[in-house]
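Thanks for coming, everyone. I have one model to show you today, and I will go through it piece by piece. Here it is.

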Amino acid sequence: MTNGTEPAERLRRWRLVLGGERADGTGCALSGRDAGMDGALAALYGKAGKPQPGRERAGGLGASAPSVARWLGDIRTYFPSSVVQVMQRDAIDRLGLSALLLEPEMLEAVEADVHLVGTLLSLGTAMPQTTKETARAVVRTVVDDLEKRLATRTRATLTGALDRSARVGRPRHQDIDWNRTIAANLKHYLPEHRTVVPERLIGYGRAARSVKKEVILCIDQSGSMAASVVYASVFGAALASMRSISTRLVVFDTAVVDLTDQLDDPVDVLFGTRLGGGTDINRALAYCQAHLTRPAETVVVLISDLYEGGIRDEMLKRVAAMKASGVQFVTLLALSDEGAPAYDREHAAALAALGAPAFACTPDLFPEVMAAALEKRPLPIPETA
């Protein structure tokens, strides 16, 4: 049996979706909270200058700080955080509100997320000094949340990979891993003696106490890679905190900047970037190649959409040379949750032909990708790549 309230609820929802144009056909009037939601949606998605039956409802936020501040408060009242973040992003893109983010009062009103951080970083030198501290606090909030979600798992996953790669079959007594040794020899348990005969010892060599692997993160800081830059800075800090991995972080557009000395704080890394501008992947890879000290123990991660503005053939030759020297080369078209990115398919195919397939990677998958690269096993490439 159909509940009598269901048709009315469907009409209400269609009315909110369609925006109340004469052609919506619902005949449904809104009031109270629904009218407030409708007004907030209309300000962003409505058609300016078209009055609606019963009241004036024009799209647009008036490009003034007070009206935008009120609207930001309204959407946080009416919608969940995930929807608020989408609407903020659409407001910046559709209505050109980036300039208003230069005002501290506006920054305090927005819902902080990865995309907002990207927008703030893209404003760069246009940001006045009075706003920078507020912007830094916003970025810090987002980075801290990402670290809580990603850093611990990253360190745990990579520690396991490093332990497996360091395992040796003839360890000295003090280097024996007794937990793994016992597990590997349970079939040799002697009931009468209530003991396990350790026919095979598993342990760690001296290398386990020192740096065993080197990782170079090479990040494209063109405007389209904003979310990837944010996530990469967090992962770079997590890697740098591991004593058994030597981490270098390089960002590039047409110039190359080494931010390794700022890796103890991903917020410093982010404010050291300069989103936007051209792209010279070849120059960035030349810098990374020049800093290889132990190629066979190094993983180079290029994070780029591969729209190369430099010398394409030289770029491919550098990748081939690094792989020939023993480098594990990983190409990520994006490091974000944004779905399939736009990228240069010709360059991606050329890299795949060199044995360096390029694919998009979510933040949750990144630790597994790095673990596979460190252990020199096949990468867990998503099926949709």
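Let me start with a network of salt bridges that links Arg 312, Asp 313 and Glu 346. Before I go on: this is a predicted model.

Glu 346 forms a salt bridge with Arg 312, with the closest N and O atoms 3.7 Å apart. The pair links distant parts of the chain. Glu 346 sits in helix α13, residues 345–353. Arg 312 sits in helix α12, residues 312–324. They are 34 residues apart. How accessible are the two partners? Glu 346 is exposed, with a relative accessible area of 56%. Arg 312 is partly exposed, at 27% relative accessibility.

Now look at Asp 344. Asp 344 is in the loop between β9, residues 328–335, and α13. Which side chain of opposite charge is nearest to Asp 344? That is Arg 312, 6.3 Å away. A salt bridge here requires a side-chain nitrogen of Lys or Arg within 4 Å of a carboxyl oxygen of Asp or Glu. Asp 344 has no salt bridge, yet Asp 344 is buried. What does Asp 344 touch, leaving aside neighbours within four places in sequence? Asp 305, Leu 306 and Tyr 307.

Stay with Leu 306. Leu 306 lies in the loop between β8, residues 298–303, and α12. Its phi is positive, about 70°, although Leu 306 is not a glycine. Leu 306 is buried, with a relative accessible area of 0%.

There is a second residue of this kind to check. Lys 376 is not a glycine either, and its phi is positive, near 60°. Lys 376 comes in the segment after α14, residues 366–375.

How many salt bridges does the count come to? The count is 11. Two more of them deserve a look.

Asp 258 and Arg 248 form one, with the closest N and O atoms 2.5 Å apart. Asp 258 is in strand β7, residues 256–258, and Arg 248 is in strand β6, residues 245–252. They are 10 residues apart. Asp 258 is partly exposed, at 24% relative accessibility. Arg 248 is partly exposed too, with a relative accessible area of 24%.

Asp 253 and Arg 274 form the next, at 2.8 Å, N to O. Asp 253 lies in the loop between β6 and β7, and Arg 274 in the loop between α10 (266–271) and α11 (281–290), so the pair ties together parts that are 21 residues apart in sequence. Asp 253 is buried, with a relative accessible area of 2%. Arg 274 is exposed, at 53%.

Next, the cores. The largest nonpolar core has 78 residues. Which of them touch the most other members? Trp 71, Leu 120, Val 301 and Phe 366. Helix α7, residues 129–166, gives this core its largest share, 10 residues.

Now Arg 76, in helix α3, residues 65–78. Arg 76 is partly exposed, with a relative accessible area of 40%. Leaving aside neighbours within four places in sequence, Arg 76 contacts Val 84, Glu 108, Ala 109, Val 110 and Glu 111. Take Ala 109, which is 33 residues from Arg 76 along the chain. Their C-alpha atoms are separated by 9.4 Å.

On to the surface. Trp 14, Val 17 and Leu 18 form a nonpolar patch there. Together they have about 330 Å² of accessible area. Val 17 belongs to helix α1, residues 5–18. Val 17 is exposed, with a relative accessible area of 62%.

Last, the whole chain. It has 14 helices and 10 strands. Of its 385 residues, 45% are buried. Among contacts with a separation of 6 or more, 72% are between residues 24 or more positions apart. The chain exposes about 19,100 Å², and carbon and sulfur atoms supply 52% of it.

That is the tour. Over to you.

Terms used: Residues are numbered from 1 along each chain as its sequence is written. This is a predicted model: local features need pLDDT of at least 70, side-chain atom pairs count only at pLDDT 80 or more; totals for chains, interfaces and linings use all residues. Side-chain values use heavy atoms; hydrogens and water are left out. Patches are made of residues with over 30% relative accessible area and no salt bridge: like charges are joined within 9 Å, nonpolar side chains (Val, Leu, Ile, Met, Phe, Trp, Tyr) within 5 Å. Accessible areas come from the Shrake-Rupley method with a 1.4 Å probe; for residues, only the protein chains shown count as cover. Helices (H or I, at least four residues) and strands (E, at least two) are DSSP runs, numbered from the N terminus. Buried means under 20% relative accessible area, exposed over 50%, partly exposed in between (1.4 Å probe, protein chains only). A nonpolar core is a set of buried Ala, Val, Leu, Ile, Met, Phe, Trp, Tyr and Cys residues joined through side-chain atoms within 4.5 Å. Contact means heavy atoms within 4.5 Å. Lys and Arg count as positive and Asp and Glu as negative; His and the chain ends are not counted.
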